Amino acid sequence: MKTFQLFFLFFTLFAFGQTPFTDVTKESGIDNIYDVYQGLFGGGVVAFDFNNDGFEDLYITGGKSQDVLYKNNGDGTFTDVIEESGLFKDNIIVTTGVSSADINKDGHIDLLVTTIASGDKQTKKKKTLSPNLLFLNNGDGTFTDVSSKFGLTKNNFSTSSSFGDINADGYPDLFIGNYFKNFYFEDSPFGTHNIALLNHYSINEEYETGDDELYININGKYFKDVSDLLVDAGKGYGFGGVFTDFDNDNDLDLFIINDFGETSESNRLMVNQYPELRFENKSRELKINFGLKSMGVGVGDYNNDSFLDYHVTNIFAGPFIVNRGDGLPFVNLMNNVGTGVNKIKSFKDYESVIIGWGSLFLDYDNDTDLDLFNSNGPINPMVNPIPNILFENKGRVFEINEKSGVMDYGIARGSVHFDYDNDGDQDIFVVNQRPVNDVTYYGGVVGSKLYRNDSSNDNNWVKIKLKGNQSTTRGLGARIRIVCNDLNMIREVDGGSSHASQNTSIIHFGLGDNKKIDSLIVTWPGGKTQNITEILPNQVIEIEELYIEEPSFFDSIMNYFNWN
């Protein structure tokens, strides 16, 4: 009996003492840190397969230093190939966020990099607002800057971007979030126009809110500015937006998040009126107009009710926005589901206020419910260590996994989930900033981190890779539903979310002990569906969109009168 008790105690400690994530940054060859300009803003990361070799790569913005393109070598390591890629910055440009899409539908994934400033090569001091950067993938490992050619010429203080096909024409459209309308940089004789000196008062009193941008993709040849469609959204201190079909009506709506929403413009939900090219602001009616210091947004159906829910990061706990469907208002359940954590134990047991940036829904343990990861970090240069948090879904209620392996003390910003080693579970990458001031007393500088998922269980999984033909190449904004007995789960292909970042476009489902998927349904933007049945787990399924010819006017008349 005593032997059994000792065994049970050992087993219990072992089961709950395992660390699901392992920091493999060094052995992977990644050596990165975001070089912040003065303070606060940036950076972002996108997980995408730029060379179509089946392994997802990473593009990471660099701030005032070089951006990085890490090629996944397929053996657990990465190599920086920025110099030979055509993405190398040959002048001073301060980059912030990044997202990706196949702009011209040539089968190669392109990049949109947001910027807040550019500088004079000679003086290296004078900064002005800068246009954002659009790079077309040439398909040979190189990229070409086509920003001007595609009509992206506005100088703005841009924080992030997102892609989605709002008119269901098969070409990815573009949203860009802008924070300030203008920023004076070093023009002030007293040096007060410095990002490092910004605070709640100076931002609201001295700087006008930015004008967000919306562009329609015209046949993959250029972007048409249709920002006037967002006039009802107002102007806020924009940290971005996400294209998402919150109401399951087969078109992509736009959820815009704003900083200082309690005193300026709050968050906005713009409802797509497709097939009309028009949005309606339904934020107030749907009670999603939270006024707070919104930094990032995660999207996922946490309770498997077939409606997408949203988590917004904030200073203190951010709202956990539950979608009840059927036109009902959203409800904030952060205090009910366990994510309403305002303070957390930090470095040397100090207590720190949560300052959240990136937000990711992912099923890290393949148990069929979505967990929640938040990348947290201080404002910078004001630095107080704040660990990242993995909230584990225990069945509609979340608990902090304090043994997750992801609770480092970097100055985190953007984060993404993806399966870099193709082993069927989701890994995490976090962008960390270089501190403006010395932080030796807080443990020193912490670079960006790659966390490998080493969860040890026998749960099954499936991954789905879409290939659009009439839709966008990777099916951005498409919804995938799988049915296993009484279990229904949905996912949406991400076009840009978290904080200034974009997750993998390869959809992942944890299946638990389910040994078969009864049906898998893909709903492409616009409403076209495809159905596959009787699928075995633990594999990657590639689904190519079927062509559906639109009937001619003559055929429509014949069908209407049933003359065929």
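## Charged pairs between the domains

Across the interface of domain 1 and domain 2 the rule finds two salt bridges. A salt bridge here is a side-chain nitrogen of Lys or Arg within 4 Å of a carboxyl oxygen of Asp or Glu. R479 pairs with D245 in a salt bridge, with the closest N and O atoms 3.1 Å apart.

This is a predicted model: local features need pLDDT of at least 70, side-chain atom pairs count only at pLDDT 80 or more, and totals for chains, interfaces and linings use all residues. Residues are numbered from 1 along each chain as its sequence is written, and side-chain values use heavy atoms, leaving out hydrogens and water.

## The two domains

Domain 1 spans 21-453 and domain 2 spans 460-544. These bounds come from an automatic or database domain assignment. Taken over C-alpha atoms, the domain centres are 22 Å apart.

In domain 1, 67 residues are in contact with 40 residues of domain 2. Contact means heavy atoms within 4.5 Å. The area buried between the domains is about 3,800 Å². Buried area is the accessible area (1.4 Å probe) that two parts lose on being put together, summed over both. Carbon and sulfur atoms give 50% of this area. N250, N366 and T368 supply 14% of the area that domain 1 buries against domain 2, more than any other three residues.
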